[in-house]
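Please report on the structure shown below.

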Amino acid sequence: MDTTPIKTRFLIVGGGIAGVSAAEAIHQVDPSADITLISDEPDLPYFRMSLTRYLAGEIGRDKLGLHKSEWYLENHINIVVGTHVNNIDAEAKQVTLDNERVFEYEKLVLANGASPFMPPITGRELPGVMTLRSLEDANKIIRIFDHPANVVCIGGGLLGLEIAGAIARHGLKVTVLEALDWLLPRQLGQEAASLLREKIEAMGIAVIVPAKTTALVGDGKVEGVELIGAEFGEAGACLPAELVLVSAGVRPNLDLAKMAGVDVNRGVLVNEHMQTSNPDIYAAGDVSEFHGISYGLWIPAKRQGEVAGRHAAGEQADFIEEPPSANLKVLGIDLFSIGEFSPSQEGDRLVSSRQADSYASLLFRNGILVGANLIGETGLNAKVRKAIENKTDFSNGLNDSSTFDQVTALL
């Protein structure tokens, strides 16, 4: 095999939205740039955030791709799929793949994402215990739909609820378990979560909160989930399950960053340009950590990839810290959460409204809107996001007697 290094000016590792956005940005700044993108998945880059829609049958495989193969050719992006990086020599500026191909680079962008976290639960290695992170994972789950099954989704976060909604579409019995006191504990306050639970249970999806999984049991394959929770008493319970989907968060893939010798914490540490401690190596997306935050969300990953690409190509570009936001797909529930949702400081004021089928709360800190929970109130989404991003001060129109309608009229 010819092991002569392949020269490329920009080398991107990772085919998610951060990596592809970096490639797009580099090409925009320098249309003649020599760009190589490496992905360990066998498929061309796709919309990972749409995997639950694919799982639900809302979209087909042909709608998942970020770009068609012709796009990469037309934009002079050499894409290498189905291969892993074995080594990074930052001093020599060389990356070696598992097929022994060697790439030399001027600028390197690490966008190799994160991996699902599997809690140390007894029985987690049993067949039928799965996570959803890739198209391959989704296809494995879909193959089980051919057989009647009881499904348990461990984790009541965004991904866990979307998986539950997607599987329920196929007529399977689904139960969601959340260890904390309510669903979406990172995005919703308790009252908003209460309404969300009502809506989900009305779809036929069972919800148990709080519920701590103690073991996964079965003979040769998963057959049940043992758990304890307030409604079961000390004896606990065992739910039948032929499929268990675990959604317990992700952990950044730090192996390549460590090979490269750049600084890491929970993620790869980056500055506002997405540069690591080595100025010729950038990190973006789920693998990165900016000002102590690893976002793990689509929009920040896309923006970080754009900043990394533009700055690597020689254009001034900064990533601005932004409040995390979330929408819920698949379930057909209009939900929007952004920023903070619970008062935590002196000067905080929560203004809320609960109707039979909707809930809205706005959190102000010294007159400035810092967060919101909106369910069934989609008309406010754009106004709320704009006010938070602009740090609009509502002090002049906000007082102790202001009603929710009066407050929203200020937006």
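## The Ser353 site

The side chains of Ser353 and Gln355 make a polar contact of 3.3 Å. This comes from a predicted model. Ser353 sits in strand E24, which covers residues 348–354.

Is Ser353 buried or exposed? The relative accessible area of Ser353 is 15%. The cut-off for buried is under 20%, so Ser353 counts as buried. Which residues does Ser353 touch beyond its neighbours within four places in sequence? They are Ser358, Tyr359, Ala360 and Phe404.

## A parallel sheet

Five strands form an open sheet: 5 strands in the order E10-E17-E11-E12-E13, with parallel pairing. Its edges are strand E10 (129–130) and strand E13 (206–208), each of which pairs on one side only. Strands of a sheet pair through backbone hydrogen bonds, in either a parallel or an antiparallel way.

Within this sheet, strand E11 (residues 150–154) and strand E12 (residues 173–177) run parallel. How many bridges join E11 to E12? There are 5 bridges. Val152 has its bridge partner in E12, namely Thr175.

## Helix H5 over the sheet

Helix H5 spans residues 158–168. It lies across E11, E12 and strand E17 (243–246). Relative to E12, helix H5 runs at about 170°.

H5 is mostly covered, with 9 of its 11 residues buried. The buried residues of H5 include Leu158, Leu161, Ile163 and Ile167. Glu162 is also on the buried list.

## Overall dimensions

The secondary structure of the protein amounts to 10 helices and 26 strands. Its C-alpha trace spans about 65 × 65 × 35 Å along the principal axes. The radius of gyration is 23 Å. A compact globule with 411 residues would have a value near 22 Å, so the protein agrees with that expectation.

## Burial, contacts and surface

Of the 411 residues, 51% count as buried. The accessible surface of the protein is about 18,700 Å². Carbon and sulfur atoms hold 48% of that surface.

What share of the contacts with a separation of 6 or more comes from residues 24 or more positions apart? Such residues account for 60% of those contacts.

Notes
Residues are numbered from 1 along each chain as its sequence is written. This is a predicted model: local features need pLDDT of at least 70, side-chain atom pairs count only at pLDDT 80 or more; totals for chains, interfaces and linings use all residues. Side-chain values use heavy atoms; hydrogens and water are left out. Two strands pair if DSSP finds at least two bridges between them. Helices (H or I, at least four residues) and strands (E, at least two) are DSSP runs, numbered from the N terminus. Contact means heavy atoms within 4.5 Å. Axes are lines fitted to C-alpha atoms, for helices over the stretch in contact, and angles run from 0 to 180 degrees between N-to-C directions. Buried means under 20% relative accessible area, exposed over 50%, partly exposed in between (1.4 Å probe, protein chains only). A polar contact is a pair of N or O atoms within 3.5 Å; within protein, one must be able to donate a hydrogen and the other to accept it, and residues adjacent in sequence count only if both atoms are side-chain atoms. The radius of gyration is taken over C-alpha atoms; the globule rule is 2.2 Å times the number of residues to the power 0.38. Accessible areas come from the Shrake-Rupley method with a 1.4 Å probe; for residues, only the protein chains shown count as cover.
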